[in-house]
Amino acid sequence: MTLIGPEAVVVRGDEAETVSMLGGQGRLLADSSATGGALSTLRVTLGRGKDGATPHYHGGSSELFFVVDGSAQVLVGNEVVTARSGDLVVVPPHLPHAFAAAPDSGADLLIVITPGVERFDYFRLLERIRAGEATVEELLAKQDLFDNHFLESPSWRDAREEAARSEP
């Protein structure tokens, strides 16, 4: 990451930290501290039909999903929408949401949270949980810190079960 002057940030894609995710990988582009609190952003690449994030909401930030390539299922409240390459979904604070690659496609997503929240340690913690180096209880204890509050969503569960049944 390069700071240009007092306000501009340039992140070279090949220099971004990469973390493993449930169904793919994430590239950590700019955290809140790098943007003066304006935003946090990452790029997520998911394999065909793979899960991204489970249902959750943010109390103080909106989350933007831009589909760079492929298609993604996005939970928005109680509705699951399919967003395709070039589509944009913006979820306001307090609205439940989740995302995954659509059953018949992979997905390349640019995700922006605004105003920003220091989130890179959240993704690092998820990676440590998957590696068996941290526990889910540690994650749940930090929901307020990361403004990432998990919840149940029957409509998301049903959509993802249907997606799993349609896999070849």
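In which loop is Pro115 found? Pro115 sits in the loop between β11 and α1, where helices (H or I, at least four residues) and strands (E, at least two) are DSSP runs numbered from the N terminus. This is a predicted model, in which local features need pLDDT of at least 70 and side-chain atom pairs count only at pLDDT 80 or more, while totals for chains, interfaces and linings use all residues. Residues are numbered from 1 along each chain as its sequence is written, and side-chain values use heavy atoms, with hydrogens and water left out.

**View 1. The cis peptide bond at Pro115.** The peptide bond from Thr114 to Pro115 is cis, with omega near -5°. Most residues other than glycine have a negative phi, and most peptide bonds are trans.

**View 2. The annotated domain, residues 43–112.** UniProt, in an unreviewed entry, places the feature "domain: Cupin type-2" at residues 43–112; UniProt positions are given in the numbering used here, feature names are shortened, and annotations may be inferred rather than shown by experiment. In the model, this span is 0% helix and 67% strand, and its end C-alpha atoms lie 9 Å apart.

**View 3. The largest nonpolar core and Phe99.** A nonpolar core is a set of buried Ala, Val, Leu, Ile, Met, Phe, Trp, Tyr and Cys residues joined through side-chain atoms within 4.5 Å, and buried means under 20% relative accessible area, exposed over 50%, and partly exposed in between (1.4 Å probe, protein chains only). The largest such core has 27 residues, and those with the most contacts inside it are Val44, Phe65, Phe99, Leu109, Ile111 and Phe123. At least two residues of this core come from each of β3 (17–21), β5 (40–46), β7 (62–76), β9 (88–91), β10 (97–101), β11 (107–114) and α1, and α1 gives the most, with five residues. Not counting residues up to four places away in sequence, Phe99 touches partners including Val44, Phe65, Leu109, Ile111 and Trp156, a contact being heavy atoms within 4.5 Å.

**View 4. The buried residues of α1.** Within α1, Phe120, Tyr122, Phe123, Leu125 and Leu126 are buried. The buried residues of this helix pack against β3, β4 (24–30), β5, α2, α3 and β12. Just after α1, Gly132 takes a positive phi of about 80°.

View 5. On a 1 Å grid over the protein atoms alone, a pocket is an open set of points where a 1.4 Å probe fits, with protein on both sides within 12 Å along at least five of seven lines, and lining residues have an atom within 4 Å of a point. Grid points are joined across faces, edges and corners, and a volume is the space filled by probe spheres set on the points. The largest pocket holds about 440 Å³ of space, and of the 23 residues that line it, Ala53, Thr54, Tyr122, Leu126 and Phe150 are the closest to its centre. β6 (51–57), α1 (120–130) and α2 (136–141) each supply at least two residues of this lining, which divides into 15 nonpolar, four polar and four charged residues; Ala, Val, Leu, Ile, Met, Phe, Trp, Tyr, Cys and Pro count as nonpolar, Asp, Glu, Lys and Arg as charged, and the others, Gly among them, as polar. The second largest pocket has a volume of about 180 Å³, and its lining includes Glu7, Val9, Leu29, Thr35 and Thr41.

**View 6. Two loop residues with positive phi.** His94, in the loop between β9 and β10, has a phi near 75° although it is a residue other than glycine, and counts as exposed because its relative accessibility is 54%. His94 touches Tyr57, His58 and Gly59, not counting residues up to four places away in sequence, and the C-alpha atoms of His94 and Tyr57, 37 residues apart along the chain, are separated by 5.3 Å. Asp147, in the loop between α3 (143–146) and β12 (149–150), has a positive phi of about 50°, and counts as buried because its relative accessibility is 12%.

**View 7. Asp87 between β8 and β9.** Asp87 lies in the loop between β8 (79–84) and β9 and is partly exposed, with a relative accessible area of 31%. Not counting residues up to four places away in sequence, Asp87 touches Phe65, Phe66, Val67 and Thr82.
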